[in-house]
Structures are given as structure tokens and as C-alpha cells.
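Here are a few exercises to work through with the model open beside you. Try each task yourself before you read its solution.

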Amino acid sequence: MSSADDLRWLDAAAALAARGRPLSRPNPAVGAVVVKDGVVVGRGWTQAGGRPHAEAGALAQANDAARGGTLYVTLEPCAHASQRGPSCTSLVLASGLARVVIGVEDPDPRTAGSGIAALRAAGIAVELSGSPAARASLAGYLTRTTLGRPHVTLKLATSLDGKIAIPDGSSQWITGPEARAHCHVERARTDAILVGGGTLRADSPRLDVRLPGLEPRSPQRMVLTSGPAPEGWTGVADITAHGAFGDAQCLFVEGGAQAAATFLAADMVDRLLIYRAPIIVGDGLPCIGDIGLGSLAGAHERWRHVDRRTLGSDALDVYERLR
């Protein structure tokens, strides 16, 4: 099978993985597809609470049809023993699969290549594809495992001249309903959502997901504050402190200007969502505070533009941090 076909099936597995976010926490949201003779005979994704794993679901659905087939999985099958069930490597070994195509090697030291080694030792053909879709779907898990912090998305909803409110602080609404709905979809994909203390006091935001069917995916609410957090909120005093965000894999930062500046100054923003409304505010509140930039040279070659779309009368631009 060609590399193009492999990447296509891994794209499908990554799309399945999205169904597990963020309910699979603290486990990564993994997607898996079992293909035989060009036909999907099994598919799975990590279930709520982290079990069953994606491979277990796909192999259970495929049953005997998996024999001689190919497993496409976004993350290397786990190889360590767990009280919650058998390792995915052991399930693959017992399935009769002929081939396994993996999107990303697992950085967890409990597996970290040992799953691949065990499969190859048993005579199963294993390929590590380096799939962009698989890596993107696992961004939260990979950032958490390698850097010890969640993958951070900063959302900014601004006027054309970069303002988030008129001079008296009024900010509802800068963008239209389509952009706000898109933002709620983004919220539903994250473990936790954070605003600054000033935004919490001024706006009393709900920060939940208000799209039909996605309400249970409302993220954990956090506030950047040195004081006590309100009931139902988690306070974060130092964003660089170990464990500041618990076990969250994906963090969505919604505002305000000082919270945005704090994350940017600490170089802890991995992804930017910039929603722009076709309005000009003039002397309003800027979307970002001081980030300590010493020269314009330091601002270049830091962000890569990855997406642009129209949402009603508004525009969305998405950027990823170059590292």
C-alpha cells in the first residue's frame, strides 16, 4: 500500500480521535482503524475516562476480520501493564494483524518505542509514518508529556484595529453569532479554559459550551489570580509553576488583554485564534498588553499561518507557534 494511502487512513483515524477529546482525559484521545482488502472492518477511539483504548475498540469490532489486515493508529500502542486492562500491544499480538501503521511514537517512557519493538519482534510489519494529522490530533498529549504543561490556544476576538472593547470596557459583542458558535466548538475540544481576574470581575463569563449536544463537554474553568477563586473555578497564580493546570492537556485562554500578554511573554502560546469583526473602535481597549518585546526583530519568524475562514461577517485566522 502506498504512503499516500497510509496517510489517508491515518487522517481517518485522527478524525475518529477527535470524538474522544476531551472526555478521554487523562489519557490521550487516540483513533484507530482496521482495514482489510481496502475495506474498514473495525474502528475505535479512546472512550470517556481513558478506557477502552482506541485499538481495543477497533479490534473488538473487527473480530476475526482483523486477521491479515492493517491497523492504522494515531499513537503507538501502549506496551505497559495496567490494572485497568491489557496493553494494546498484547491485543494487537493476539489479533493476527499483518501490519500496523502508527502516526506518532509514544513519548511516555512506559512505552516509548517498546510497543513497536514488541510488534516487530513478533513478525508484524510496523511503519512509523510521521502523520501530520495524527500529530495535530495529539498536540495536547504530546505537549503535556514532553513539556509538562498543556497545549495552549489563545483566542482573541477583536475589531479591525485590534480592540476588544470600547473605552468604557463594553465588549459584548465584538463578533457575530457564527464566530461565537465556532468559539464554542473550540471550547468543546479543550480540557480547561482560562480568563484573567479582571475579565472575570467585569464580565462574569460562563465559559461553558452552549451548542446542542455538546454541553457535557464544557471545559474546566480557570482564572488567573493571586487570590482565592470563586466556587466552581480553579485559581492559577503562576502559569509557569509545575502542575499549575492539573492534568489538563489542552488549555483555551479567552481573555483579557493582560492574561493574553502573560502567556505570550512566557512563550506559552502554541496556537492563536484571531477572530476579526468588520468594525473600527478607535480609542478602545487593546487586545494584548505589554509582552516585553525589546525590538521588532524578535517578533518575526515566530508564527506560521495555517488557516483562514469566513464566519458570517467575521474572519478567522489561525496561527501556530514555530518552535
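**Exercise 1: a helix and its sheet**

Helix α7 (residues 177-188) lies across β6 (151-158), β8 (192-196), β11 (250-255), β12, β14 and β15. Keep in mind that this is a predicted model.

*Task.* Find the angle at which α7 runs to β12, then work out the strand order of the open sheet of 8 strands and name its edge strands.

*Solution.* Start with the helix: α7 runs at about 160 degrees to β12. Next, trace the open sheet, which has the order β10-β9-β8-β11-β6-β12-β15-β14. Its pairing is mixed. The edge strands are β10 (234-236) and β14 (303-311), and each of them pairs on one side only.

**Exercise 2: the largest pocket**

*Task.* Describe the largest pocket by its volume, its lining and the domains that contribute to that lining.

*Solution.* Begin with the volume, which is about 1,200 Å³. The lining consists of 38 residues, and the closest to the pocket centre are Ala136, Ala139, His151, Arg271 and Glu320. Now sort the lining by class: 17 residues are nonpolar, 9 polar and 12 charged. To finish, check the domains: domain 1 (3-144) and domain 2 (150-321) each supply at least three lining residues.

**Exercise 3: backbone exceptions**

*Solution.* Recall the background first: most residues other than glycine have a negative phi, and most peptide bonds are trans. Now take the prolines in turn. The bond from arginine 21 to proline 22 is cis, with omega near -5 degrees, and proline 22 sits in the loop between α1 (3-17) and β1 (31-36). Arginine 51 and proline 52 are also joined by a cis peptide bond, with omega about -10 degrees. Proline 52 belongs to the loop between β2 (39-45) and α2 (54-62). Then turn to aspartate 37, which has a positive phi of about 55 degrees although it is not a glycine. You will find aspartate 37 in the loop between β1 and β2.

How values were computed:
Residues are numbered from 1 along each chain as its sequence is written. This is a predicted model: local features need pLDDT of at least 70, side-chain atom pairs count only at pLDDT 80 or more; totals for chains, interfaces and linings use all residues. Side-chain values use heavy atoms; hydrogens and water are left out. Two strands pair if DSSP finds at least two bridges between them. Helices (H or I, at least four residues) and strands (E, at least two) are DSSP runs, numbered from the N terminus. Contact means heavy atoms within 4.5 Å. Axes are lines fitted to C-alpha atoms, for helices over the stretch in contact, and angles run from 0 to 180 degrees between N-to-C directions. On a 1 Å grid over the protein atoms alone, a cavity is a set of points where a 1.4 Å probe fits but cannot get out, and a pocket is an open set with protein on both sides within 12 Å along at least five of seven lines; lining residues have an atom within 4 Å of a point. Grid points are joined across faces, edges and corners, and a volume is the space filled by probe spheres set on the points. Ala, Val, Leu, Ile, Met, Phe, Trp, Tyr, Cys and Pro count as nonpolar, Asp, Glu, Lys and Arg as charged, and the others, Gly among them, as polar. Domain bounds come from an automatic or database domain assignment.
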